[in-house]
Amino acid sequence: MNYILCAVLWTESKAPPGYAATGIFSAKVAEGTETQYRSFLSESYEDGGEMLKDFLDFCGGEFMLCLWDGLSAGRIKKLLDVNGFRHPYVHLYHLQKVYELTEKKCRDIRKRRIMQTRLEKKPFYYGKRSAAENEVRWMVSVFELLDLSVIEKKPAIDFTEQPSNQYFVFKNGKCFHTKDCRIVKDASVSALRSYTYYAAAVDAGFTPCSRCKPENRDEQTAEMMRRINAEKQKEARAKHVAGYVPPKKKRKKPLNVYKSLAHMCGLYGLRFEKSGGNVFISSETGKYRIAPEDTPVKLYELIDDEYACTDAEFADPYQAVREIVRADEENGKNK
């Protein structure tokens, strides 16, 4: 199994579908082999489809395509569909979700701190080629810390819940199934392959499962969506004629920094106390005080029954908590 980590440079939405991506910077990570890096630039090809074909040839026979966020994963998926490269063996995952699940399961404070440190160093390329290459190398460094069993588990990635994955087959199977089939629910992601359309699964040589009995809903689904959209448009016109004014949306409440700090301290095993605008944090080896709403945030340490200001200053209170955890680990080692 090859894991393909990639960052994509996109053009404006008005560009032809074949040229929507001006560059794909990728890294192939496989067990037991050295990581391979390769760049695919549209300026070297006459057609965007040729670039995608070379990119898929580089990926290999069976692989998992990993991008950092869900937006990029969805866009490259659409690009593959438009150019006719949407093969059922292409699995797309956004690593940000895998990272969050791995961090949630991680109980090792040191490893969690390393993950958070690398997350803070994420590059933002904004269409710059050199920074996109740096993001690929950054993703490889983060990928090394992830729990690969999370990727293999179907419920963790919601593989069957993706709208484009309607029918599912097994690598050596003869039937295709729906997501509600018991056989599919008990399977792992690595064993499943997906098809979007009923006809595509039949053309590939698969027969409908006799247990879940898949139905051809391609035309039914399209007709239903057309009917729903027509009803919504008719209702909107009627409201507009009647002088209807939509209500103002309620603003979301801002995140309470004290609640998030209390949650963070609980994850690290620290004691959290709030008094006015100050927060008192106690660890096994020391006591500290910070004012989360100050800019910058200064860290005070309890020395001889008095809180003395340290030389450390932070852009946000969360960095101060990580510094407390780091100091607590070092003091624990020295003891």
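At 51% relative accessibility, Asp57 counts as exposed; the term exposed means over 50% relative accessible area, buried means under 20%, and partly exposed lies in between (1.4 Å probe, protein chains only). Lys53 is partly exposed, with a relative accessible area of 46%. The side chains of Lys53 and Asp57 meet in a salt bridge, 3.5 Å from N to O. A salt bridge here is a side-chain nitrogen of Lys or Arg within 4 Å of a carboxyl oxygen of Asp or Glu. Lys53 and Asp57 are four residues apart in helix H1 (residues 48-59), so about one helical turn separates them. Helices (H or I, at least four residues) and strands (E, at least two) are DSSP runs, numbered from the N terminus.

This is a predicted model, in which local features need pLDDT of at least 70 and side-chain atom pairs count only at pLDDT 80 or more, while totals for chains, interfaces and linings use all residues. Residues are numbered from 1 along each chain as its sequence is written, and side-chain values use heavy atoms, with hydrogens and water left out.

Side chains of opposite charge can pair when their charged atoms come close. A search of the whole structure finds eight salt bridges. One of them joins the side chains of Arg110 and Glu329, at 3.8 Å from N to O. This pair links distant parts of the chain, with Arg110 in helix H4 and Glu329 in helix H12, 219 residues apart. Arg110 is partly exposed at 35% relative accessibility, whereas Glu329 is buried at 17%.

Glu329 also forms a salt bridge with Arg113, where the closest N and O atoms are 3.2 Å apart. Salt bridges with shared partners join Arg110, Arg113 and Glu329 into one network.

## The second largest pocket

The second largest pocket holds about 330 Å³ of space. A pocket is an open set of points, on a 1 Å grid over the protein atoms alone, where a 1.4 Å probe fits and protein lies on both sides within 12 Å along at least five of seven lines; lining residues have an atom within 4 Å of a point. Its volume is the space filled by probe spheres set on the points, which are joined across faces, edges and corners.

Of the 16 lining residues, Glu103, Gln116, Met264, Tyr268 and Arg322 are the closest to the centre of the pocket. The elements that give two or more residues to the lining are helix H3 (95-105), helix H4 (109-120), helix H11 (257-268) and helix H12 (317-334). H11 gives the most, with five residues. By class, the lining has five nonpolar, four polar and seven charged residues. Ala, Val, Leu, Ile, Met, Phe, Trp, Tyr, Cys and Pro count as nonpolar, Asp, Glu, Lys and Arg as charged, and the others, Gly among them, as polar.

## Strands

An open sheet of four strands runs in the order E8-E6-E7-E9, with mixed pairing. Strand E8 (192-195) and strand E9 (207-208) stand at the edges with a single partner strand each, so one side of each has no neighbour in the sheet. Two strands pair if DSSP finds at least two bridges between them. Strand E6 (residues 167-170) and E8 pair in the antiparallel sense over four bridges. Phe170 stands opposite Leu192 in E8.

His94 lies in strand E5 (residues 90-94). Its relative accessible area is 28%, so His94 is partly exposed. The C-alpha atoms of His94 and Leu67 are separated by 4.8 Å, although these residues are 27 residues apart along the chain.
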